[in-house]
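Subject: Structure handover

Hello,

Here is the structure we spoke about, with my notes below it. Please open it alongside the text.

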Amino acid sequence: MTQALTTMNGSDALEKVLITGDLSQLSPAERIFYYQKVCESLGLNPLTKPFDYLTYNNKLMLYAGRNCAAQLRSSRTITLRVTAREAIGDVFIVPARAITPAGREA
């Protein structure tokens, strides 16, 4: 990792980020740096806001949003197949299967 990431608020903050995912100890500049590095490691465009910040169990963490999923599907050529459609009142349930280029489904 780069020098900037290893000096984020000392070793305690670095441990929280890498082990627990807690970003609350980081400064805004450090959060931006971390965000960019995560995007870079996954091949995502950070300008499209693939992640949101989410506070869960008193931890600030990255949450992969719809833009993240769309970019990952596109870069890895994953296709989606709708398997059913059902309306229950005002709620629509649409289960789907993800298919890799090798034919693996999940």
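Glu40 and Lys37 sit about one helical turn apart, because they are three residues apart in helix α3 (residues 28-42). Helices here are DSSP runs of H or I with at least four residues, strands are runs of E with at least two, and both are numbered from the N terminus. The two side chains form a salt bridge, with the closest N and O atoms 3.6 Å apart. By salt bridge I mean a side-chain nitrogen of Lys or Arg within 4 Å of a carboxyl oxygen of Asp or Glu. Glu40 is exposed at 56% relative accessibility. Lys37 is partly exposed at 30%. The cut-offs are under 20% relative accessible area for buried, over 50% for exposed and partly exposed in between (1.4 Å probe, protein chains only).

Two notes on the source. This is a predicted model, where local features need pLDDT of at least 70 and side-chain atom pairs count only at pLDDT 80 or more, while totals for chains, interfaces and linings use all residues. Residues are numbered from 1 along each chain as its sequence is written, and side-chain values use heavy atoms, with hydrogens and water left out.

Salt bridges

The whole structure holds four salt bridges. Asp52 pairs with Lys49 at 2.6 Å, N to O. Asp52 is partly exposed at 30% relative accessibility. Another bridge joins Glu105 and Arg81 at 2.8 Å, N to O. Glu105 lies in the segment after β6 (96-99) and Arg81 in strand β3 (residues 79-82), so this pair ties together parts that are 24 residues apart in sequence. Both ends are partly exposed: Glu105 has a relative accessible area of 35%, and Arg81 is at 38%.

Backbone points

Lys49 lies in the loop between α3 and β1 and is exposed, with a relative accessible area of 52%. Asn57 also has a positive phi, near 50 degrees, and is likewise a residue other than glycine. Asn57 is in the loop between β1 and β2 (59-64). Its relative accessible area is 60%, which makes it exposed.

Core

The largest nonpolar core has 11 residues, including Val17, Tyr34, Cys39, Phe51, Leu60 and Cys68. A nonpolar core is a set of buried Ala, Val, Leu, Ile, Met, Phe, Trp, Tyr and Cys residues joined through side-chain atoms within 4.5 Å. Helix α3 gives the largest share of this core, four residues. Beyond its neighbours within four places in sequence, Cys39 is in contact (heavy atoms within 4.5 Å) with Leu44, Pro46, Pro50 and Phe51.

Gln25 is in the loop between α2 (10-20) and α3. Gln25 is partly exposed at 41% relative accessibility.

Surface patch

Leu54, Tyr56 and Tyr63 make a nonpolar surface patch of about 320 Å². Patches take residues with over 30% relative accessible area and no salt bridge, joining like charges within 9 Å and nonpolar side chains (Val, Leu, Ile, Met, Phe, Trp, Tyr) within 5 Å. Areas come from the Shrake-Rupley method with a 1.4 Å probe; for residues, only the protein chains shown count as cover. Tyr56 sits in strand β1 (residues 51-56) and is partly exposed at 49%.

Best wishes
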